[in-house]
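Welcome! Please have a look at the structure first, and then read on.

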Amino acid sequence: MLNKKENLLHLNWIKTNGMMPTIIQDFSSHSVLMHGYMNKEAFLKTQKEGFVTFYSRTKKRLWTKGEESGNLLKVIDIVTDCDYDTLLILVEPIGKTCHLNRKSCFFLKENASNFLSKLEEIIEDKKNFNADDSSYTASLYKSGTKRIAQKVGEEAVETILAAMKKDSDELINESSDLIYHLIVLLHDQNLNFNLIVENLKKRRTEKL
């Protein structure tokens, strides 16, 4: 995260007339969630409390996103552009960001990254299954960790066999099954796929 004292000096508040354009991005799916403005006070409050606070130009006051709805934006990192006149804040959204009950205020096309995030949301929701939920994902959670882990093992073997047969279509299908069951297992253990991605990034820096 930006160093508080150093970056208040570096940020170009004069160029932006004291109002820094601020882009909010989901750190997991990389979806752009919303855009707002920060003055120095809002910037410092965001850093201190760890939740995004803007300066509302309509309300003429500081405004913490979600202060009424509870749909807060938990700060993961804050970065600036090369001219120090725009902020990008990576967040973990708590609830839906948009007042229209959408995840993003922008109308985004589905891509590989945000699709995976949506898939995880569905899988996580299935953990809190109703007794009458007959979906396959809910049935996996009902069967317990041992069975979920067994399914990951079975799909891994089937993926290997598809590769050995050099059957591209079967390999794609079996890989899809493997990744799906792995995500179910991760969420069963209160983890998510983004933690795997972050670990791979760390390994790339250290070993590759």
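Predicted model: local features only at pLDDT ≥ 70, side-chain atom pairs only at ≥ 80, totals over all residues.

At what angle do helix α5 and helix α6 pack, and how far apart are their axes?

1. Helix α5 covers residues 145-164 and helix α6 covers residues 168-188; they pack at an angle of about 160°, with their axes 8 Å apart. Because angles over 145 degrees count as roughly antiparallel, α5 is roughly antiparallel to α6. Their crossing is left-handed.

2. To see what makes this contact, look for residues of α5 including Ile148, Val152, Glu155 and Thr159, and for residues of α6 including Leu171, Leu178, His181 and Leu185. Sorted by class, the contact of α5 with α6 has eleven nonpolar, seven charged and four polar residues.

3. Now turn to the sheet. It is open and has four strands in the order β2-β1-β6-β5, with mixed pairing. At the edges are β2 (32-38) and β5 (73-80), each of which pairs on one side only. On average, neighbouring strands of this sheet are turned by 25° against each other, direction ignored.

4. Within that sheet, β1 (residues 20-26) and β2 run antiparallel and are joined by six bridges.

5. Finally, visit β3 (residues 53-56) and β4 (residues 61-64), an antiparallel pair with four bridges. Here Ser56 has Arg61 of β4 as its bridge partner. Four residues lie between the strands of this hairpin, and Lys60 takes a positive phi near 60°.

Terms used
Residues numbered from 1 in each chain as written. Heavy atoms only, no water. Pairing = 2+ DSSP bridges. Helix = DSSP H or I, 4+ residues; strand = E, 2+ residues; numbered from the N terminus. Axes fitted to C-alpha atoms, helices over the stretch in contact; angles between N-to-C directions. Parallel < 35°, antiparallel > 145°, perpendicular 65-115°, else oblique. Left-handed = near helix turned anticlockwise from the far one by under 90°. Contact = heavy atoms within 4.5 Å. Nonpolar A, V, L, I, M, F, W, Y, C, P; charged D, E, K, R; others polar.
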